[in-house]
Amino acid sequence: MELTVHSPKPLNDDQWHRVEAEKNIKEAVLQLDGQYREVKAAPPLGHTELEFYSDIYIGALSGQRGFLGCMRALKINGVFLNLEEKAKLTPGVKPGCQGHCSSYTMHCRNGGKCVEQYNGYSCDCSLSAYDGPFCTDDVGGYFEAGTLVRYDFLSDHGASLLGNPRGFSHFGNLGETNLTQEELIFSFSTYSAPSILVYISSRSQDYMAVVLRHNGSLQVRYSLGGLAEPYTIDIDHRNMANGQPHSVNITRNLREIQLQLDHYTMSTYTLPEASDTEFNLVKSIFLGKVFETGQIDPILIERYNSPGFVGCLSRVQLNNVAPLKAAIRSGMTAPVSIHGILVQSNCGASPLTIPPIPPANDLWQIDAGGAVFPFKDEKIGGDGVHHNFAVIG
């Protein structure tokens, strides 16, 4: 009798696979990776006990073409066999192939996938907006006035977008499933305002836009249906068009929107009850400028679309899709197009990640009541001026 388990993908993919085989009086079971399983009942006239007197051959019989790869954690009837000790005594077999990804997965950053190698590991950055050996290199581009990047979601690319934003799981089809959650991450630096940074269109009237207003402040616009006007989030506390790199992380789950800007505290917003919660039929991502044939919010076109974004965008990612990386990396096949001149750039530097000093301890805050100053009160003159110290910047 034979038991055969079929896997939907090839098993020679350089990843670890777990095999479990069991025979008892009742049945024989073969299981692969804990999910693919084949069971056959024992024949009524079969042997109830198996007795083995020969050696155990692992990988190949003598003189045959052997298994090429790694094998670990071999256990028979609850007893682990010491493969490493046998490997030291066997020509052509080397010990120590216990798997690097289980120990070093932390080195593949930003959604990169650890891929086993015979003598190490590598990082697959295809699902990340980053590049490099450990998926830590920024992939960005400098936009001139009028430059835009357009990434279209075709029906066969839908599964790459409609997934768990953090877990990178794939499901659904663009023509059948609507987004109830999305995560948009990107960085930018510019001196120019107003402009459109990111615009996500749909085959319906739904859209999402991130724009810089005339004063350089950031605005997020959501239109998911049910509202006469789009829901807007204004970040008024600073001018973002100051030439410095800024990072933006916008995560929506149904009506809850979380926005993380640079090192500042994450803010939470809630869509009105009248608003829909599904982003219907996502169509395209536009970076830098919008050139869409469908219906577009006229305010976006009148106020923000001309002359276009001038500056640097980097590590742009919507769920599992990295449109800017697809545009810049010529070897990637993706439904992406570039209008104008786009020059690869890492935008100078990563944004500040050091948390700000609490106002109570910040010496540069005038009302820092709890701050400790490096001088004694008796050295201050009657005019309130300290004559023995100077600040050198």
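Predicted model: local features only at pLDDT ≥ 70, side-chain atom pairs only at ≥ 80, totals over all residues.

Analyst: Residues are numbered from 1 along each chain as its sequence is written, and side-chain values use heavy atoms, with hydrogens and water left out.

User: In what order do the seven strands of the open sheet stand?

Analyst: Strands are DSSP runs of E with at least two residues, numbered from the N terminus. Two of them pair if DSSP finds at least two bridges between them. The pairing here is antiparallel, and the order is S19-S18-S17-S12-S21-S10-S23.

User: Why is one side of S19 and of S23 left without a neighbour in the sheet?

Analyst: Strand S19 (267-270) and strand S23 (342-344) each have a single partner strand. One side of each therefore lacks a neighbour, because both stand at the edges.

User: Which residue in S21 stands opposite Leu184?

Analyst: Strand S12 (residues 181-190) and strand S21 (residues 311-318) run antiparallel and are joined by six bridges. Opposite Leu184 stands Leu318.

User: How many residues of strand S20 are buried?

Analyst: Buried means under 20% relative accessible area, exposed over 50%, and partly exposed in between, with a 1.4 Å probe and protein chains only. Strand S20 (residues 282-287) is mostly covered, and the buried count is six of its six residues.

User: How many bridges join S13 to S20?

Analyst: S20 is also joined to strand S11 (residues 148-152) by four bridges. With strand S13 (residues 195-202), S20 pairs in the antiparallel sense, and the number of bridges is five.
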